[in-house]
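Hi there,

Have a look at it first, then read on.

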Amino acid sequence: MRSPMVRGVVGAVVVAVASLVTSVVPQSSWVASFPLRDSLAGRMVGLTFMVAGLGLMAWAWLSAGRRVMAGERLHLLRMTAYWSVPLLLAPPLFSRDAWSYAAQGALVAKGYNPYDVGPGVLSGHIVEAVDPMWMQTPAPYGPLPLAYGGLVAHLSMNPYLLMLAHRLLAVLGIVLIAWAVPRLATACRVDAAFATWLVVLNPMLITHGIGAAHNDILMLGLACSAFALALTGRWGTAAVLAGVAAAVKLPGGLVAIAIAAVMSPLAGRLHRFASLVIAGAVSVLTLVTIGALTGVGSGWLGALDVPGLVRSPFSIANLIGMAASGVLGWLGEDTAAAQALQIVRLIGMIAALSLIAWLSLRSSIHYAARAVGVALLAVVVLGPSAHDWYFLWCLPFLAVARPGRRLTTIITAVSLIFTIAAPLNSSLRGATIPILTTTALVIAIALPLLNHLRTLQPARKVPVTAA
């Protein structure tokens, strides 16, 4: 398997087959009775093959990157398609979110407001695989995926078909990213082939995007497309598209920072502020209009704190807050301990919003991509909730911001780790042996790959070739 194309396809096929053992599925599904699922030894076999398949994809990606940086012409978009195909019909990878999307669409179809009630008001196959944590919580997503889910649920209440429908949105998101990234790279004077490799072929995007069917990918595709359109002078259309991105998930609207910078490339801060107000107003108006036209409304604003129920270690605010809470509890300050996490999270969000405001006013057209990437990264690491796939939000923008060797190495390392370690998700909660064994496998596979990162060259030295 010398070819990265073949190696990646084999890895994706292994991942797809292993998902029949490792993924959470409705109990009524035929997959629930698949061999190996009912025993610890069987599940460990599935996890072993899952990590191995992800390792093959990561190895293939790294090999392809080395060839791209050496000036070799590869069919990167074709490789992306081939690596993605085996995952199209697989159960959702690493996360139960796609089953929640299906249930929330069923809520809309049955006339419930998903911003008032959770999937727990439903019964039957549609809620069998929904994470119990989200059964009673309202949907924190924008009106677009909920309205789409409701339309599909009118045709079928089969949770697997509804999940596939949401996976199609992720496919659309990757198509939009694949269209936008080379254009953004060319405009930002970064090699288009390098950016396409780093973003579009990235196994983290493929596995967490298509495999897990997260709606973050559609948000990201719309945001990248909005920036690409703004660079062609179509600012109004770009601002509308930014509002559509926010109608999927709110952080997508931060691309308005780049749109405003493009609108006033040489102007002072006052003109940039006016451009930001105009772009922001168009985006917000689009977001509100989508909520009204779909009938879903804007109740998602009251549900934005729902993801914060998960105390993710990827959030700096969570880490500091939980540490402060633990220390205060040890000192006997129970009241203060109970409030510490919320206070630190609030401080983190204030810090993130302050940084976003500063970036918005200082960002010029030359640093617009970097400003959006840093703003999205700030929301992830300083916000109340962060998952491994959230780091995809900033990936395209940082990749086209003329990254040097250090940033390229960091992005590549994070992508490799979050790809190979993806099976260490909530489905393993409390399962000590699978967690320890999977962790050992991840370390054994990731370390040799990370050892080769020093061979990567900075993006500015990559010869300009077509993607």
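Below, "buried" stands for under 20% relative accessible area, "exposed" for over 50%, and "partly exposed" for anything in between, using a 1.4 Å probe and protein chains only. Helices are DSSP runs of H or I with at least four residues, strands are runs of E with at least two, and both are numbered from the N terminus. This is a predicted model, in which local features need pLDDT of at least 70 and side-chain atom pairs pLDDT 80 or more, while totals for chains, interfaces and linings use all residues. Residues are numbered from 1 along each chain as its sequence is written, and side-chain values use heavy atoms, without hydrogens or water.

First, the overall picture. The protein chain has 18 helices and 0 strands, and 56% of its 467 residues are buried. With a contact defined as heavy atoms within 4.5 Å, 75% of the contacts with a separation of 6 or more join residues 24 or more positions apart.

Now the interior. A nonpolar core here is a set of buried Ala, Val, Leu, Ile, Met, Phe, Trp, Tyr and Cys residues joined through side-chain atoms within 4.5 Å. The largest one has 113 residues, and Trp197, Phe227 and Phe397 have the most contacts inside it. Helix α9 (residues 216–230) gives this core its largest share, 12 residues. Leaving aside residues up to four places away in sequence, Phe397 touches Phe227 as well as Leu220, Ala223 and Cys224, among others. A second, separate core has 31 residues, including Val31, Ile126, Ala147 and Ala153.

Ala147 and Ala153 are also among the buried residues of α5, as are Pro143, Pro145 and Leu146. Helix α5 (residues 143–155) has 13 residues and reaches 19 Å from its first C-alpha to its last, close to the 18 Å expected; the expected span is 1.5 Å times one less than the number of residues.

Most residues other than glycine have a negative phi. Phe94, in the loop between α3 and α4, has a positive phi of about 65°, and this residue is buried, with a relative accessible area of 11%. Ala213, in the loop between α8 (203–211) and α9, has a positive phi near 60° and is buried at 1% relative accessibility.

Best wishes
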